[in-house]
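Hello,

Here is the structure we talked about. Please have it open while you read the notes below.

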Amino acid sequence: MNHTDARRFADDWLAAWNAHDLDALLSHFTDDVVFTSPVAARLLGGDGVLRGKAALRHYWTEGLRRIPDLRFEVVGVYVGIDTVVIHYRNQLGRLVNEVLTFEGDLVKAGHGTYLDADANPAGLTSG
């Protein structure tokens, strides 16, 4: 992946998240994607490891329900070998990195990582 393609991906990723358009967002992921997130563990219980696009959809659907004002601002896009890191600020102003590993044009694995030690870094509401 080159920097131009990574930036294009990040722009699409950002637009989909800010529009709360899960179909557009999930179109960038393989059916057997594995995604990890401490927010998923808090939201859904378990170990925070999501296996498959259906599990990712479930997590993000519930996340958007519990964070109706979710909005991101990209701070930087970093490129590695088959890997892109999207460094962004969430609606609470907290810094987050999403580490995405690609297989061709699609994300095969991803990891949500949070800077703050806050127990609720994504701003989940109850319920």
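**What I found**

Strands β5 (residues 95-103) and β6 pair in the antiparallel sense, with 8 bridges between them. Keep in mind that this is a predicted model. Within that pairing, Thr101 sits opposite Ala109 of β6. The two strands form a hairpin with 2 residues between them. Look at Gly104 there: its phi is positive, near 70 degrees.

β6 (residues 106-114) has another partner, strand β1 (residues 29-36). Those two run parallel and are joined by 4 bridges. Thr36 has His111 in β6 as its bridge partner.

Now the whole chain. DSSP runs give 4 helices and 6 strands. From the N terminus, the order is α-α-β-α-β-α-β-β-β-β.

On overall size, the C-alpha trace spans about 40 × 30 × 25 Å along its principal axes. The radius of gyration is 14 Å, and a compact globule of 127 residues would come near 14 Å, so the chain agrees with that expectation.

How much of the chain is buried? The share is 43% of the 127 residues. Contacts reach along the sequence too. Take those between residues at least 6 apart: 49% of them join residues at least 24 apart.

Last, the surface and the charges. The chain exposes about 6400 Å², and carbon and sulfur atoms supply 51% of that area. There are 12 positive and 17 negative side chains. The centres of these two sets lie 5 Å apart.

Best wishes

Terms used. Residues are numbered from 1 along each chain as its sequence is written. This is a predicted model: local features need pLDDT of at least 70, side-chain atom pairs count only at pLDDT 80 or more; totals for chains, interfaces and linings use all residues. Side-chain values use heavy atoms; hydrogens and water are left out. Two strands pair if DSSP finds at least two bridges between them. The radius of gyration is taken over C-alpha atoms; the globule rule is 2.2 Å times the number of residues to the power 0.38. Buried means under 20% relative accessible area, exposed over 50%, partly exposed in between (1.4 Å probe, protein chains only). Contact means heavy atoms within 4.5 Å. Accessible areas come from the Shrake-Rupley method with a 1.4 Å probe; for residues, only the protein chains shown count as cover. Lys and Arg count as positive and Asp and Glu as negative; His and the chain ends are not counted. The place of a charge is taken as NZ of Lys, CZ of Arg, CG of Asp or CD of Glu.
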